[in-house]
Amino acid sequence: MQSLEEGVLQGNIAALARMITYNESTRLEDNLIADNFINKNQEKLSNSIVLSISGIPGVGKSSFIETLGVYLHHLGYKLAVFSIDPSSELSHGSILGDKTRMTELSSMDNVFIRPSPSSNRLGGLGINTHKNIELAKIAGYDIILVETVGVGQSETIVKNLCDAFILLLMPASGDELQVIKKGIMEVADFYIIHKADGELLNAANLSKKEIENSVHLLKSDLNVSESIFAFSSIEKLGLDLIWNFIMKFIESKKEKKTFYSTRILQRIHWFKETYERMMLMHYLEKGKEKYKVLEDEIKAGKYISLNEIKENIEE
Ligand SMILES: Nc1nc2c(ncn2[C@@H]2O[C@H](COP(=O)(O)OP(=O)(O)OP(=O)(O)O)[C@@H](O)[C@H]2O)c(=O)[nH]1
Ligand SMILES: [Mg+2]
């Protein structure tokens, strides 16, 4: 175990991958291996920045991560990429897709890429997935990019995972834009109208104006020119500009200390989730036999009332 821990600390990619496998395991004993390691290295958690890249399937998240990742790698950053897919039903092919979309990035040294776990009870978002990010921080990755699908429960997840949230949007007309959930629009820090190239360029520029107007209604304090962009991961024009604004945003959050207070709130979120889950498991285990008695009564044709359940639990 010691050599595994040393491996992670020294930046060994295979060691980090193994530690993450322990973290994602369904066995509590395995989870404890990863968790003890995080506990011992708490002081390293304040390093690194975490950026979420979200958007509907096919909007180009993996391609954007490839483009941004290669750029950041050239700037000298050490990168980790995770994809977290709370709706694996929708995009079964995403793991294969990620590998083919991130060809250049995946062949670079010092870049760690981890596709989303394929079979999980929450359909991709494992109960400990957020801790994979902590493990990458401890392993010394400066920038952690997280790909999430912008549907379903993901705005809560995204909000509690990252320091800045980048939402990718399709070039589309006003009516189609309504499909984007208000919740996810509200939590985003950056809006990128993606695929702004070729035949889609005009539509992208029009969409940019529409997004500017609608986001302005949602967030009056937003600086439109520093937060909303039309961009193409194929042409890559203006990536440095986007990156500079992201860094400026992070720096300003650090100065105002909201960077740290947000991270504390995120920790409370995950703590609450873990606490409730463990408490539930504990009581389910303790009350297993009493539960079975009631279940047998139902099988025998009896109706079990809410009161009976309540009394049974409180006994
Ligand atoms: N024209 C154009 N096409 C793009 C661009 N970026 C990605 N694409 C194409 O869009 C398709 C989807 O790209 P992905 O990067 O896999 O999209 P994704 O959002 O990661 O998809 P999922 O992971 O399946 O949700 C691919 O066919 C890409 O080639 C872009 O900047 N311009
Ligand atoms: Mg993808």
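1. Let's start with one pair of residues: isoleucine 53 stands opposite glutamate 147 in strand β4. Strand β1 (residues 49–55) and β4 pair in the parallel sense over 7 bridges; two strands count as paired if DSSP finds at least two bridges between them. Helices (H or I, at least four residues) and strands (E, at least two) are DSSP runs, numbered from the N terminus.

2. A word on what you are looking at. This is a predicted model, in which local features need pLDDT of at least 70 and side-chain atom pairs count only at pLDDT 80 or more, while totals for chains, interfaces and linings use all residues. Residues are numbered from 1 along each chain as its sequence is written, and chains are lettered from A and ligands numbered from 1 in the order in which they are written.

3. Now the whole chain. The protein chain has 16 helices and 7 strands, and 36% of its 315 residues count as buried. Buried means that 20 or more other C-beta atoms lie within 10 Å of a residue's own; exposed means 12 or fewer, partly exposed is in between, and C-beta atoms are placed from the backbone. Among contacts between residues at least 6 apart in sequence, 74% join residues at least 24 apart; a contact needs C-beta atoms, placed from the backbone, within 7 Å.

4. Back to β4, and another strand beside it. In β4 (residues 143–149), 7 of the 7 residues are buried. Ile143, Leu145, Glu147 and Val149 point one way, and Ile144, Val146 and Thr148 point the other way. Strand β2 runs parallel to β4, joined by 6 bridges. Leucine 79 has isoleucine 143 as its bridge partner in β4, and alanine 80 stands opposite isoleucine 144.

5. How enclosed is strand β2 (residues 79–84)? Since 6 of its 6 residues are buried, β2 is largely enclosed by the rest of the structure. Leu79, Val81 and Ser83 lie on one side, with Ala80, Phe82 and Ile84 on the other. β2 also pairs with strand β3 (residues 111–114), again in the parallel sense, over 4 bridges. There, isoleucine 113 is the bridge partner of valine 81.

6. Leaving aside neighbours within four places in sequence, isoleucine 144 is in contact with Ser48, Val50, Ala80, Phe82, Ile133 and Ala136. The largest nonpolar core has 61 residues, and Ile144 is one of those that touch the most other members. Such a core is a set of buried Ala, Val, Leu, Ile, Met, Phe, Trp, Tyr and Cys residues joined through C-beta atoms within 7 Å.

7. Next, the ligand. Ligand 1 is surrounded by 21 residues, the closest being Pro57, Gly60, Lys61, Ser62 and Ser63; near means a C-beta atom, placed from the backbone, within 6 Å. Helices α4 (61–74) and α5 (94–101) each supply at least two residues of this shell.

8. Among the buried residues of α4 are Lys61, Ser62 and Phe64. Glycine 76, whose phi is positive, near 100 degrees, follows α4.

9. Finally, methionine 19 in helix α2 (residues 13–24). Methionine 19 is buried because 25 other C-beta atoms lie within 10 Å. Not counting residues up to four places away in sequence, methionine 19 touches Leu4, Val8, Ala34, Phe37 and Leu135.

Terms used:
Two residues are in contact if their C-beta atoms, placed from the backbone, lie within 7 Å.
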